[in-house]
Amino acid sequence: MNIATARTRLAVSPYARRLAHERSLPLETLRGSGPGGRILAADVQAFVPVAAPLVSPDAVAPAAALSPTAPRIAAFATSVALGALRDLLTALENSGHVFALDDVLLRAAGRAFADMPEAARFGGASVALELAGRQAVFAMIPEMPLTSLRIMRLAALADSRDETETPAALSLRLLPASDIRPMMMPLLAGRAMRLTVLPETPGDHAECLLTIDAASVDEAAAAEWLASLRSAIEQPLRLFV
Amino acid sequence: MSAARARDDFKGAPNLPDPKILLDLFERMVLLRRFESIAQIACRKGETPGFLHLYIGEEATGVGVCAHLRPTDWVTSTHRGHGHALAKGANPGRVMAELFGRVDGICGGRGGTMHLYDRSVGLFGTNGIVAAGIGHAVGIGMGARQQGRDDIGVAFFGDGAANHGGFHEALNFAAVQRAPAIFICENNLYATATPLKSITLNPEIATKAASYGMPGVAVDGNDVFAVWLAMKEATERARSGKGPTLIEAKTYRTVGHHEGDPVIGTYRTQEELDAWIKRDPIDMFRKKLIEDYGIADAQALAAIEARIEKVVEEALSFARNSPEPDPATVRLHVFADPINPPAALAWRAAGDTKTQGWLEAVRDGIAEEMRANPAILYFGEGTGERGGSFAHTKNLWQEFGAERMVDTPISEQGFTAAAVGASATGARTVSDLMFADFAFETAGQIFLQAAKLRYMTSGLMSAPMVVRVGAGALRSSGPHHSGIYHPVFAHMPGLIVCVPSTPADAKGLMKTALRAGDPVIMLEPKALFASKGEVPVGEHFVPFGVARIARGGTDITIVAAGQMVQRALEAAEALAAEGIEAEVIDPRTIMPLDIDAIVASVRKTHRLLIVDEAWAMCGLGGEIAQAINELAFDELDAPPGRLHTAPTSHPFAPVLERAMLVDTARIAQGVRDVISGQPPVPDHWYTVGLKSAAPAKPTPAPARSLPAASTAAAPSDDEPVTMPFGDLTVSEGTVVKWLKAVGDQVREGELIAEIETDKAVVEIEAPVSGTLNAIDQPVGAVVPMGGRIGGIKK
């Protein structure tokens with residue numbers, strides 16, 4: 001047997017394989033609970049990308065409250081007007097300060113956590129920016145000047161470090177502009193929340209989808225968090241001070 | 001050849017039969033000779049597949065014997081049997097076509113030279129197995145007698161068979177039963193190439209008849225009229241109920257053992273061959289017809305030979321022009337189609353039931369069928385007046401008599417062969433072999449004769465017999481009385497294999513078996529003989545190939561048969577407490593196997609454990625697990641598991657026997673293992689020997705579980721009087737009499753009570769001298785074995 005093949009072969013019970021196929025679930029995203037990590041029917045049936053227990057230097061205990069065997073998922077969507085932000089970014093660019101939507105979203109997400117009393121439970125309100133196949137984690141966003149945040153982001157883009165294992169409450173995915181509205185996005189391992197942002201093609205609006213593990217994030221708090229994010233982007237001046 | 005000579009002095013005798021009879025004998029011998037000569041050429045040309053054993057030189061015997069037989073009499077034959085087929089009246093063209101393996105052959109091309117059967121003329125097979133057909137003739141005769149006909153069974157066999165157990169068992173059984181049968185030994189002096197004188201110190205085969213108390217006659221087997229005369233007397237004797245006769249016909253084949261074998265070889269001389277050719281049966285008889293009897297001239301006989309020449313040429317042409325069988329038909333004629341008799345499939349409303357013990361329920365089933373069908377014969381050892389070793393035929397002899405409940409000698413081969421012969425010719429038979437282990441004493445009759453008959457004859461014949469045995473482990477029955485072997489039987493195409501688990505199923509399957517069209521191996525687990533269950537009142541049939549869901553469940557399917565069903569149900573109850581709901585499927589028949597029911601269950605549970613009392617190697621676990629791989633792979637959420645009896649003989653010591661058998665705890669653990677995705681790994685392959693040569697650390701054996709005495713706690717200072725442990729399959733008895741009252745003085749060994757079990761009345765003796773101070777079980781009470789019935793104060 002080819003050793004490389006043996007190492008990469010996914011162990012899946014025939015029934016689990018069939019169920020995953022019927023549900024169009026890529027087996028690679030499933031975690032196997034059988035012997036040697038074999039994916040079983042129960043793993044497919046319980047599929048919602050299971051949030052692995054979050055580890056926070058500040059708060060370890062609440063992680064135990066997560067129930068990986070019975071994950072529950074909630075999703076919240078909103079449409080965010082980008083007009084004010086676009087005008088502001090254009091004005092700043094004219095004065096020699098260039099910022100991208102990514103920078104603003106990172107900042108807004110951090111601020112939304114700052115408005116959320118229980119944010120400390122979720123990895124210190126850190127935000128993981130999803131890059132191609134990896135993540136870069138930004139902590140202490142509210143305390144950081146936007147210029148510093150941008151420099152850090154560009155540095156993360158330039159190197160290849162992957163902080164998938166670094167604790168963070170939320171992962172942020174910026175999808176290319178289109179006129180498609182995201183309906184459901186899976187959670188990533190270790191992230192209790194995921195924010196997906198998809199700017200509309202004309203550039204007037206962005207569709208925002210917040211997916212959460214309801215077993216670890218209060219649904220009402222999550223909705224409030226999203227409202228806070230929208231408010232920050234639609235009234236962007238506050239993000240620059 | 002002294003006896004033969006004695007019959008040879010009729011020259012000029014005035015009491016010759018009708019000349020037509022004599023001319024028919026001549027014509028028939030010519031037919032046999034010319035047919036074989038043409039077959040010989042065809043074989044040398046490679047036109048016939050396989051190889052042929054030719055009858056050339058021995059024609060007088062087959063013709064002289066068969067001249068007395070009707071189409072409704074049957075002959076059983078040998079590997080050298082083309083002549084018997086033709087002498088009995090089979091169509092030469094269709095026999096030749098069979099030798100060619102063609103569709104118009106008398107067996108449709110499935111049988112061939114050594115397996116020629118023809119129901120229409122009473123030909124019960126040439127036979128590839130030496131001595132196998134001798135016992136068939138016994139059963140054929142007994143079956144005809146039971147059906148009120150005076151037809152007889154006639155067995156041809158060679159001198160080689162006279163040293164085979166099949167010969168001795170069949171002759172003895174036939175003699176004691178006064179069977180309407182005749183045994184024709186064609187002594188051609190060599191068993192293949194072994195001289196008769198080198199393998200027996202008594203080469204006078206006819207004299208062996210004396211051992212069995214029947215007449216034995218030796219005749220010149222090359223003198224057709226001598227054979228005819230001897231057979232005339234034997235036939236009259238058989239038809240009139242006087243019993244069987246052994247006829248030894250001394251003859252010689254003037255060809256090799258088979259086509260291609262040298263005519264002389266290392267074992268015969270040219271001088272010997274030449275001497276026998278001078279005594280050629282056709283030449284001798286031609287000369288007698290012309291010169292001694294004066295009933296024909298050379299010209300008339302030449303005309304007969306010319307006519308026969310035409311017959312055999314037409315036969316050859318017919319065979320050559322017959323098409324080959326359609327390969328698409330290869331799967332036909334293994335079993336009756338449908339495999340179940342109509343009675344087993346008829347819808348019956350669920351009605352009343354009554355609680356019955358296993359043995360009683362099956363006895364009822366057999367009795368019902370024997371009442372309904374007077375052609376059922378029951379052969380068994382001690383199953384007559386005694387009622388069977390397990391009381392499993394109790395009262396049947398009293399109702400049906402010794403003619404039908406036949407007490408046999410310990411001749412499994414002999415009476416099972418008779419069961420094959422009778423069941424294939426209009427009767428039905430049970431061959432009761434007592435223990436499944438004993439079936440191997442007659443394995444050839446079961447596997448090679450009964451199982452293959454339907455197929456060999458392209459569905460024209462079958463052997464609807466029941467082989468009934470007590471099977472499986474029970475309380476230290478030991479290495480020769482504990483096996484169940486159902487996979488061995490199920491391996492053989494043509495056998496139906498039943499392993500019931502409840503009294504109702506045992507009765508229902510037995511009744512179905514007694515109406516079925518195929519041989520049925522009825523393996524009744526001895527461990528269940530003492531069990532009780534609800535049995536439907538009235539006609540109750542259980543069809544073959546329909547599993548029973550013994551317990552519904554959602555998490556795992558357990559397949560178990562026989563005594564493993566109860567173990568599996570106990571495990572399922574224990575597992576339910578852990579939140580595991582096991583479904584238990586009882587296939588009831590191993591062949592046909594209701595794989596659909598198992599697949600349906602696995603579709604629901606997605607996990608499978610097979611639990612089987614037989615061994616693992618090439619066994620039921622592997623069979624079913626692989627079937628699920630093939631039929632329902634995508635339903636499996638875990639590798640299927642299997643638990644079998646350990647791959648050892650059955651040890652005697654109880655602690656060893658327990659270590660060998662699958663029990664409830666092992667099943668429960670097996671279920672947990674399968675659910676955890678890691679089924680128990682067997683080690684029956686022995687590729688590297690046992691994993692651990694050293695004996696495992698001895699663990700204290702669990703306390704022997706005695707049947708709980710139903711009495712309340714008894715005074716501890718007296719000596720208990722108990723129901724003794726006795727027969728293996730009896731678990732309880734009823735107190736029928738107390739001979740002493742409380743307060744009476746008793747002496748040690750004195751009879752104090754009587755307990756009646758299913759099999760006998762057990763006398764209870766005082767264990768010590770003293771005063772009977774307690775009667776715990778009054779008359780009428782049912783007491784388990786080992787249970788206390790009273791106490792004696794010393």
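This is a short walk through a two-chain model, from chain A to the inside of chain B.

First, the ground rules. The model is predicted, so I follow its limits: local features need pLDDT of at least 70, side-chain atom pairs count only at pLDDT 80 or more, and totals for chains, interfaces and linings use all residues. Residues are numbered from 1 along each chain as its sequence is written, while chains are lettered from A and ligands numbered from 1 in the order in which they are written.

Chain A, then. It holds seven helices and six strands. Those are DSSP runs, numbered from the N terminus: H or I of at least four residues for helices, E of at least two for strands. From the N terminus on, the order is α-α-α-β-α-α-β-β-α-β-β-β-α. Of the 241 residues in chain A, 35% are buried. Buried means 20 or more other C-beta atoms within 10 Å of the residue's own, exposed means 12 or fewer, and partly exposed lies in between, with C-beta atoms placed from the backbone.

Look at strand E4 of chain A, residues 170–174. Why is E4(A) largely enclosed by the rest of the structure? Because four of its five residues are buried. E4(A) also has partners. Strands pair here if DSSP finds at least two bridges between them. With strand E2 (residues 127–131) of chain A, E4(A) pairs in the parallel sense over three bridges. There, Leu129(A) has Leu172(A) as its bridge partner. With strand E5 (residues 193–199) of chain A, E4(A) is joined by five bridges, and the two run parallel. Ser171(A) is bridged to Arg194(A) in E5(A).

Now the meeting of the chains. Nine residues of chain B contact 10 residues of chain A. Contact means C-beta atoms, placed from the backbone, within 7 Å. The chain B side divides into three nonpolar, three polar and three charged residues. For these classes, Ala, Val, Leu, Ile, Met, Phe, Trp, Tyr, Cys and Pro are nonpolar, Asp, Glu, Lys and Arg are charged, and the others, Gly among them, are polar.

On to chain B. It is divided into domain 1 (2–326), domain 2 (362–536), domain 3 (549–675) and domain 4 (719–793). Those bounds come from an automatic or database domain assignment. The centres of domain 2 and domain 3 of chain B, over C-alpha atoms, are 27 Å apart. Between them, 25 residues of domain 2 contact 20 residues of domain 3. On the domain 2 side, helix H17 (486–490), strand E13 (496–498) and helix H18 (503–513) of chain B each give two or more residues. By class, that side has 16 nonpolar, eight polar and one charged.

Is Met522(B) buried or exposed? It is buried, because 23 other C-beta atoms lie within 10 Å. Leaving aside neighbours within four places in sequence, its contacts include Val466(B), Cys498(B) and Leu509(B).

Last, helix H11 of chain B, residues 298–321. At 1.5 Å a residue, its 24 residues should span 34 Å; the end C-alpha atoms are 35 Å apart, which agrees. That expected span is 1.5 Å times one less than the number of residues. Its buried residues include Ile308(B), Val312(B) and Leu316(B). The buried residues of H11(B) pack against helix H2 (19–44) and helix H5 (92–99) of chain B.
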